[in-house]
Amino acid sequence: TGVHGLGDMEVLSFKRLASRFLAAYDGAAGRNIDAGGKAMLVYKIINKQTKNLKTLQSLSKERGGANEILKVISEFKRYNVTPQALFEAADRAEGFLKLKLADVAMIYEKYLKLFAYPDADEEDNLSVLLEKIKRHDLFRGCNIIIDSFSSFSAKQMAIIEEFMIRCPSVTVSLTTDSLQPTDNIADIFYAAKKTANRLILAAHN
């Protein structure tokens with residue numbers, strides 16, 4: 001803007017950042033569906049596909065079964081694991097694991113087809129934000145400071161990498177005793193050190 005000072009600063013979470021820019025470029029962010037609504041969707045899929053499931057048929061009768069699958073799906077979305085990747089993993093697996101992976105992949109695939117824009121969750125909005133950053137060259141010339149994280153999801157990391165391409169400075173604050181990588185998961189700073197090295201590698205690239 002040509003104006004410098006505290007008035008140019010904004011404090012935003014990744015969620016609010018996505019909502020802000022999707023509203024600016026699309027008129028609105030995705031219509032967020034709460035956990036209960038998403039669990040009902042998973043329950044509906046499981047009930048409809050019971051005859052096709054090999055290992056997860058009982059989930060339609062188990063209290064909280066849909067919520068357990070929803071947690072797994074949420075992690076897959078968070079780390080960019082696709083249904084196709086699960087089907088491929090099932091092809092390589094054997095026995096019970098093969099059947100269970102295929103079941104989860106089928107439920108996940110049908111969930112994504114039903115849970116489509118404008119329905120969305122935070123991970124969906126981050127994916128759209130990433131596409132908007134690339135298409136509209138957002139944040140060019142901004143100085144970014146990121147604090148209060150010890151790790152980042154794959155989508156958050158991809159957004160940070162786009163910041164690195166466009167911004168004069170990207171500062172990430174991590175709590176750690178050093179930046180030396182470690183394989184010792186008992187180290188209380190293990191997550192922060194791993195994140196720091198991911199960021200350093202991304203910056204060098």
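## Helices α4 and α5

Let's start with a pair of helices: α4 (residues 83-92) and α5 (residues 95-114) pack with their axes 8 Å apart, at an angle of about 165°. Helices here are DSSP runs of H or I with at least four residues, strands are runs of E with at least two, and both are numbered from the N terminus. The axes are lines fitted to C-alpha atoms, for helices over the stretch in contact, and angles run from 0 to 180 degrees between N-to-C directions.

That angle makes α4 and α5 roughly antiparallel to each other (under 35 degrees is roughly parallel, over 145 roughly antiparallel, 65 to 115 roughly perpendicular, and the rest oblique). The crossing of α4 past α5 is left-handed, a label used if the near helix is turned anticlockwise from the far one by less than a right angle, with right-handed for clockwise. On the α4 side, the contact (heavy atoms within 4.5 Å) includes P83, L86 and F87, which meet a set of α5 residues with K98, L101 and A102 among them. The residues of this contact divide into 12 nonpolar, no polar and 3 charged. Nonpolar covers Ala, Val, Leu, Ile, Met, Phe, Trp, Tyr, Cys and Pro; charged covers Asp, Glu, Lys and Arg; the others, Gly among them, count as polar.

## About the model

This is a predicted model, where local features need pLDDT of at least 70 and side-chain atom pairs count only at pLDDT 80 or more, while totals for chains, interfaces and linings use all residues. Residues are numbered from 1 along each chain as its sequence is written, and side-chain values use heavy atoms, with hydrogens and water left out.

## Helix α2 joins in

Helix α5 also has α2 (residues 35-48) as a partner: their axes come within 10 Å and cross at roughly 125°. The two helices are therefore oblique to each other, and α2 passes α5 in a right-handed crossing. From α2 come K38, L41, V42, I45 and I46, and from α5 come I107, K110, Y111 and L114. Sorted by type, the residues of this contact give 7 nonpolar, no polar and 2 charged.

## Salt bridges

Across the whole structure, a search turns up 9 salt bridges, each one a side-chain nitrogen of Lys or Arg within 4 Å of a carboxyl oxygen of Asp or Glu. One of them joins R166 and E162, at 2.4 Å from N to O. Both residues sit in helix α7 (residues 154-166), 4 residues apart, which is about one turn of the helix. R166 is buried at 11% relative accessible area, and E162 is buried at 11% too. Buried means under 20%, exposed over 50%, and partly exposed in between, using a 1.4 Å probe and protein chains only. This pair belongs to a network of salt bridges that links D137, R140, E162 and R166.

D187 pairs up with K193, their closest N and O atoms being 2.7 Å apart, and both residues are buried. Then there's K132 with E131, at 3.8 Å from N to O. Here K132 is buried at 7%, whereas E131 is partly exposed at 29%.

Most residues other than glycine have a negative phi. D137, not a glycine, has a positive phi of about 55°. You'll find D137 in the loop between α6 (122-136) and β3 (143-146), partly exposed at 31% relative accessibility.

S148 is not a glycine either, and its phi is positive at about 70°. S148 lies in the loop between β3 and α7 and is exposed, with a relative accessible area of 70%.
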